[in-house]
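My notebook is open, and these are the things I looked up, in the order I got to them. Have the model on screen and follow along.

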Amino acid sequence: MNVDFPIPLSSFNATFQADLTPAAATAGVATTTSSATGSLLLSYFGGPVVSNIEVTPIWYDSTAPFQSQMMAYYDLLTSSSFMDIYKEYATPTQIIGKGSVVGSYTEKGPIKMMLDDDLDIQPYLRNLISTGVLTPNANSYYPIHLKYGVNVSSSGLGYACSAFAGYHTSLYVGDISLVQYVYYGVIPQCSTRINDLWSPVSHELAETITDPIPGRGWYHTVEGEISDICAWQEATIADSSGKAWIVQKQWSNSLQKCVIAPAITTAQVAPVIASPSPQYLTKKSGVLMTNVEITPVFYGSSISFQSNISSFYSFIATSSYMDIVAEYGIGKGKMLTPYFETNYKTKLDLSTDMTAYLRNLVSTGKLQPNKNSYYPIHLASDVDLIVNGLSICPNYCAFSGWIYIGDIYKNASYLSYGMIPDLTGSCKEYCGYSPQPLRNTQALSSVHLIRSITNTLRNGWQSTTGEPATGMNCSWKQYPIVGPNSTVITVQKLWSNTHQSCIGALPTTSASRNATNATTTTPTTTTKTTTTQTTTTKTTTTKTTSTTTTTTTTKTTTTRTTSTKTTTTRTTSTKTTTTKTTSTKTTTTKTTSTTTTTNQIKSASTSGGLPIAKSILTKCYPSFVITSRYIDGNQVGHQGSNYRLESGTWTAITACETSVVPQCYPTQSVVTTTGATIATGTQSSSKGINYVYDGTTKQWKSVGSCV
């Protein structure tokens with residue numbers, strides 16, 4: 001989970017401090033700077049802001065105090081001059097205006113007196129959303145007000161009222177809602193005084209507006225968010241009756257101080273966003289599965305969610321989800337009787353055991369494929385499938401492919417299949433954004449179903465770079481649709497040539513409107529887990545006596561470290577060989593899109609194996625600092641791509657994922673070498689800190705923490 005720097009307690013007034021153990025550090029205006037000019041600037045990291053915040057307080061429970069006063073306070077904050085300062089934090093795609101209070105919710109059920117954010121609050125919010133109690137949109141903010149005596153812990157930061165006075169963060173809900181993330185805050189009642197709530201409430205509201213996914217909006221890598229710099233610096237604003245209300249001051253980049261009065265008084269102009277160039281999948285010469293016949297294969301005796309998976313395939317084959325691919329000449333299909341394999345091995349090799357296994361099922365008549373047949377193979381939790389010498393979990397999530405059977409079967413030359421491991425074990429943390437393994441299983445199953453029917457034998461519908469309908473920047477974008485018995489199931493969005501976007505349902509279908517009664521689209525960027533991945537491809541050319549096919553697989557090694565947010569590092573090796581065999585296989589593949597900027601950056605693209613984890617992007621290096629001097633070899637992150645300065649020109653080297661903690665620069669030995677001649681602008685890292693060398697002062701200057 002990503003959380004903001006929680007409000008410290010050390011600057012409470014004396015009355016409040018008497019009730020609490022204050023934090024050690026003293027809050028106040030930061031003294032460190034972010035540039036040679038001495039200014040402290042919040043930087044924009046490319047994520048969403050909240051344009052017109054819609055506040056729905058949640059009272060946990062009905063005895064949470066000061067409810068009427070807090071409703072009036074939120075109404076004042078969102079509609080008053082308190083909102084004007086955020087004009088200077090517009091982004092290239094959004095402006096920030098006034099907001100509103102749209103309602104409240106009171107928890108009437110049993111409550112817990114001790115809460116954990118990951119274990120209690122996040123499941124609680126997801127339940128309110130999945131049951132339709134809350135219907136978030138991109139502007140929604142849910143501050144959870146705890147009653148006196150209820151405490152909360154968050155991500156190892158300690159407990160409220162001794163370590164912090166409140167926090168805000170975001171929660172992934174793209175698998176159950178039409179928005180990818182919901183924004184919420186937690187406001188503990190640390191005393192019986194209402195005056196001790198004004199700063200935490202206005203603090204978290206301001207940070208939610210400017211940095212709703214912590215570290216992805218307006219953020220300073222050392223000082224934190226807009227309110228952190230000014231923690232517990234208070235002023236007053238008046239309502240329409242002249243009553244003065246206490247609010248916390250906020251940091252102004254333009255005025256370089258903590259203020260209430262806005263730095264920008266002119267009206268904002270909505271940004272003009274250029275339409276992207278059209279992208280199209282085009283059909284190659286292959287024969288498609290126009291009316292798929294799905295035969296699930298359950299390999300093992302303990303298949304997680306077996307009945308749910310059968311229901312999923314039975315529903316999805318005839319559902320509105322298939323209407324998306326009608327533009328590619330694909331009709332609806334059906335599910336046939338599943339095949340159950342109980343005489344199974346617990347350790348298999350893909351290239352030998354599984355190929356032989358499938359060919360045996362065909363030769364013995366247990367499977368009778370035709371040109372529309374697709375066999376998704378779901379592995380039991382005790383089955384370890386070896387792919388390229390590595391266990392499928394956590395090195396792979398799922399893949400699809402085909403084997404040649406024309407030499408043993410007359411009604412079809414190839415058998416198309418998918419491989420979906422058990423996602424309740426070691427794959428759980430890496431194979432999908434949802435915290436619910438069943439939903440990630442459904443989404444991955446939909447991916448390889450659509451890949452197999454629209455790009456059969458990798459010779460069907462694909463982009464100029466080989467991406468199928470499940471690629472085109474649609475990878476890992478989950479979407480809820482109404483399933484059997486009004487349950488909600490999760491699929492992955494697909495690329496539509498017609499609508500020029502990734503969609504989970506046609507815009508005219510009821511599913512797109514009613515899956516969760518949400519009303520708006522997803523924020524511009526989302527992530528919960530940051531992944532660094534370098535991917536290359538192992539390619540095998542395969543020949544039989546009558547056909548030639550090509551196989552692509554991707555091998556990924558996973559390393560994880562944990563801080564406030566989870567970080568995943570992935571490294572992949574490359575090998576190309578030629579061999580004779582009767583099987584081929586394909587992992588999920590992706591071609592990374594290019595980014596062009598105005599800073600003399602030339603576009604570049606990279607391609608490799610399909611994404612195998614939550615994120616397919618490496619972590620971004622720290623972003624441009626306008627006043628800094630750069631030298632050849634410097635690396636920066638900018639608008640979703642990492643760049644390297646080469647001969648005075650910024651060249652894209654890979655797409656990247658921004659995060660609270662940037663990627664570490666490659667370590668230079670000169671960092672610790674006394675008397676070394678070092679060029680101004682040289683970048684390096686040491687012990688989790690990024691540094692840039694200042695030739696004027698002859699000192700290494702920290703530019704923030706890194707991983």
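**Asn137.** I began with Asn137 and found it buried, at a relative accessible area of 8%. For my own record, buried is under 20% relative accessible area, exposed is over 50%, and partly exposed is in between (1.4 Å probe, protein chains only). Asn137 sits in the loop between helix 3 (117-130) and strand 7. Helices (H or I, at least four residues) and strands (E, at least two) are DSSP runs numbered from the N terminus. A polar atom of the Asn137 side chain lies 2.7 Å from the backbone nitrogen of Asn139.

**Ground rules.** This is a predicted model, in which local features need pLDDT of at least 70 and side-chain atom pairs count only at pLDDT 80 or more, while totals for chains, interfaces and linings use all residues. Residues are numbered from 1 along each chain as its sequence is written, and side-chain values use heavy atoms, with hydrogens and water left out.

**Asp117.** Next I went to helix 3, where Asp117 is found. How buried is Asp117? Its relative accessible area is 0%, which puts Asp117 in the buried class. I then listed polar contacts, meaning pairs of N or O atoms within 3.5 Å; within protein, one must be able to donate a hydrogen and the other to accept it, and residues adjacent in sequence count only if both atoms are side-chain atoms. The Asp117 side chain makes one of 2.9 Å with the side chain of Gln122. It makes another, of 2.8 Å, with the side chain of Tyr184.

**Strand 7.** I moved on to residues 140-146, which form strand 7, and checked their burial. Seven of the seven are buried, so the strand is largely enclosed by the rest of the structure. Both faces are covered: Ser140, Tyr142, Ile144 and Leu146 are buried on one side, and Tyr141, Pro143 and His145 are buried on the other.

Which strands pair with strand 7? I counted a pair if DSSP finds at least two bridges between two strands.

- Strand 2 (residues 54-55) runs parallel to strand 7 and is joined to it by two bridges; Glu54 has Ser140 as its bridge partner.

**Salt bridges.** Side chains of opposite charge can pair when their charged atoms come close. My cut-off was a side-chain nitrogen of Lys or Arg within 4 Å of a carboxyl oxygen of Asp or Glu. Searching the whole structure gave nine salt bridges. I wrote up these.

Lys147 and Asp61 meet at 3.9 Å, N to O. This pair links distant parts of the chain, 86 residues apart: Lys147 is in the loop between strand 7 and strand 8 (151-153), and Asp61 is in the loop between strand 3 and helix 2 (67-79). Lys147 is buried at 19% relative accessible area, and Asp61 is buried at 12%.

Asp84 and Lys98 have their closest N and O atoms 3.0 Å apart. Both Asp84 and Lys98 lie in the loop between helix 2 and strand 4 (100-101), so the pair ties together parts that are 14 residues apart in sequence. Asp84 is buried at 16% relative accessibility, whereas Lys98 is partly exposed at 39%.

Arg359 and Asp407 pair at 3.0 Å, N to O. Arg359 is in helix 6 (residues 350-363) and Asp407 is in the loop between strand 25 (399-404) and strand 26 (414-420), 48 residues apart. Arg359 is buried at 16% relative accessible area, while Asp407 is partly exposed at 46%. I also noted a network in which salt bridges that share partners join Arg126, Asp175 and Arg439.

**Helix 8.** I looked at residues 437-454, which make up helix 8. Of its 18 residues, 17 are buried, so helix 8 is largely enclosed by the rest of the structure.

**Whole chain.** Last, I took the totals. The chain has nine helices and 48 strands, and 56% of its 707 residues are buried.

Key
Expected span 1.5 Å × (residues − 1).
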